[in-house]
Structure formats: structure tokens, C-alpha cells
Amino acid sequence: MLEFVYCIPLEAKMELVCLDLEGVLIPEMWVAFAEAVGIPELKRTTRNEPDYDRLMRFRLEILKQHGLGLREIERVVATLEPLPGAKTFLDGLRERYQVIILSDTFQELARPLMRQLGWPTLFCHNLVVAPDGTITGYRLRMKDQKREAVKRFKELNFRVVAAGDSYNDTTMLAEADAGILFRAPQVVVEAFPQFPLVPEAYSELRAAIDDAFARIAQERQEAAAR
Ligand SMILES: [Mg+2]
């Protein structure tokens with residue numbers, strides 16, 4: 001009689017990649033919206049504003065001034081596509097690792113793009129929308145959710161490699177076993193020299209993620225041998 005022996009490498013099962021969304025897999029939605037409606041002030045993003053709450057209050061104020069709501073934003077987001085190569089990169093990553101997208105975007109805005117990405121797991125926030133489509137506010141699921149999520153995943157015995165492009169990713173990158181900046185603007189690169197930078201190519205980001213996990217496994221082996 002055949003005997004089943006489980007030989008899945010335990011370490012491989014515990015590897016989790018946490019990715020930022022905007023600027024990493026999809027375009028900056030607010031920038032696209034700003035261009036579509038011709039309101040340059042709305043181009044300010046987490047790439048140039050470290051205080052997310054201030055950024056969102058600013059955005060909602062501008063929307064109110066121009067009488068724009070969720071429907072107008074949805075119309076623009078529906079025309080967007082993931083960044084070239086993002087879907088292939090993400091699919092390849094998901095073949096080898098568990099992947100969770102940690103984003104400060106809003107469920108209501110991200111849906112058309114998440115559909116195009118094959119509905120990967122997304123942890124983000126919610127908008128508060130009045131029946132007429134006016135965005136009256138937003139609900140952060142929790143403060144600093146990117147970092148908190150990575151912290152909890154580590155408690156669940158995952159090894160975490162995280163990648164992102166902006167200020168709002170840096171606590172997540174610091175909390176992860178390894179953090180990588182991808183296509184980050186110069187101000188962020190200069191402010192956070194402790195994180196390695198992958199400037200452009202998804203193939204290089206994939207190689208950096210694979211290398212990081214190999215290094216983490218090696219370090220754990222060495223620690224266990226001591
Ligand atoms: Mg981003």
C-alpha cells in the first residue's frame with residue numbers, strides 16, 4: 001500500500017508578499033481623475049504628501065468645491081487599466097507566493113481595476129457616500145493598516161516581503177522581514193535610504209523579492225544552527 005508523505009517545504013508555505021496598489025500595479029487614480037476633469041490640485045498624492053488624513057480632507061474639499069462625487073470618479077476609473085506588465089507580474093508572483101495588496105485606496109474606487117487584475121486580495125478603506133453620490137467622508141479601516149497587517153501576518157508565522165512606492169508604504173516596509181521601494185519618487189528614495197530601490201522593471205522587482213526570501217530563509221537556517 002502506498003504511503004503518503006507530506007514533503008511540502010514548510011518555509012515555502014509561509015512566504016507572503018504584501019504589495020502596495022497605486023503606483024505599483026495600477027496608475028494613481030486621483031492623478032488620472034485630476035487630468036480627466038482638469039483640476040491640477042487633485043494631482044497631489046501619497047507620493048508627495050506624507051500626511052494621508054490631510055491629503056484626503058484636501059481632496060474631498062476640492063471635490064465639494066467643484067460639485068464632483070463618486071459617479072464622476074467612477075466614470076474615469078472605469079477607463080483605466082493596470083500598469084503595463086502588472087497583471088503578468090502579479091500572476092507569476094501568485095503562483096509561488098501568497099500575495100495580499102495593502103492599499104490606502106477605497107473599495108468603491110478600486111473595483112474596476114481589481115477586476116482586471118483577477119480579483120487579488122485587497123485590504124483597503126471605504127468611502128462614505130451620500131445617496132446623491134456626494135463623497136461626505138471616508139472610513140479608514142484602521143490607522144496605519146499597512147504596518148498593522150504586516151505585524152499580524154508575522155505573528156501568524158508568515159515571512160513577509162513588502163514593496164511599495166510612497167511615504168504611506170514606509171512603515172509597512174520597515175515592519176516586513178524585507179522592504180523594497182519600487183518606482184518611488186526621488187524624495188521618498190532620499191528620505192528612506194535604508195530600503196533597496198527597484199527603479200522600474202517588474203522582472204527586477206520579482207528578482208528582488210525572490211532574493212529577499214532566499215536571504216530570510218538563509219538567516220533563519222543560520223540562526224537555527226547556532
Ligand atoms: Mg502607491
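Helix 4 passes helix 6 in a right-handed crossing, that is, with the near helix turned clockwise from the far one by less than a right angle. The model is a predicted one, in which local features need pLDDT of at least 70 and side-chain atom pairs count only at pLDDT 80 or more, while totals for chains, interfaces and linings use all residues. Residues are numbered from 1 along each chain as its sequence is written.

The axes of helix 4 (residues 70-77) and helix 6 (residues 107-116) lie 9 Å apart at an angle of about 20°, which makes helix 4 roughly parallel to helix 6 (angles under 35 degrees count as such, and 65 to 115 as roughly perpendicular). Leu70, Ile73 and Val77 of helix 4 meet Glu108, Leu109, Pro112 and Leu113 of helix 6, contact being defined by C-beta atoms, placed from the backbone, within 7 Å. Of these contact residues, six are nonpolar, none is polar and one is charged.

With helix 2 (residues 29-37), whose axis comes within 9 Å of that of helix 4, the crossing is at roughly 100°, and the two helices are therefore roughly perpendicular to each other. Here Met29, Ala32, Phe33, Ala36 and Val37 in helix 2 meet Glu72, Ile73, Val76 and Val77 in helix 4.

In helix 5 (residues 86-96), Ala86, Leu90 and Leu93 are buried (20 or more other C-beta atoms within 10 Å of the residue's own; exposed, 12 or fewer). Seen down the axis of helix 5, these buried residues fall within an arc of 65°, so they line one face of the helix, whereas Thr88 and Glu95, on the other side, are exposed.

How values were computed
Axes fitted to C-alpha atoms, helices over the stretch in contact; angles between N-to-C directions. Helix = DSSP H or I, 4+ residues; strand = E, 2+ residues; numbered from the N terminus. Parallel < 35°, antiparallel > 145°, perpendicular 65-115°, else oblique. Contact = placed C-beta atoms within 7 Å. Nonpolar A, V, L, I, M, F, W, Y, C, P; charged D, E, K, R; others polar. Arc of directions from axis to C-beta.
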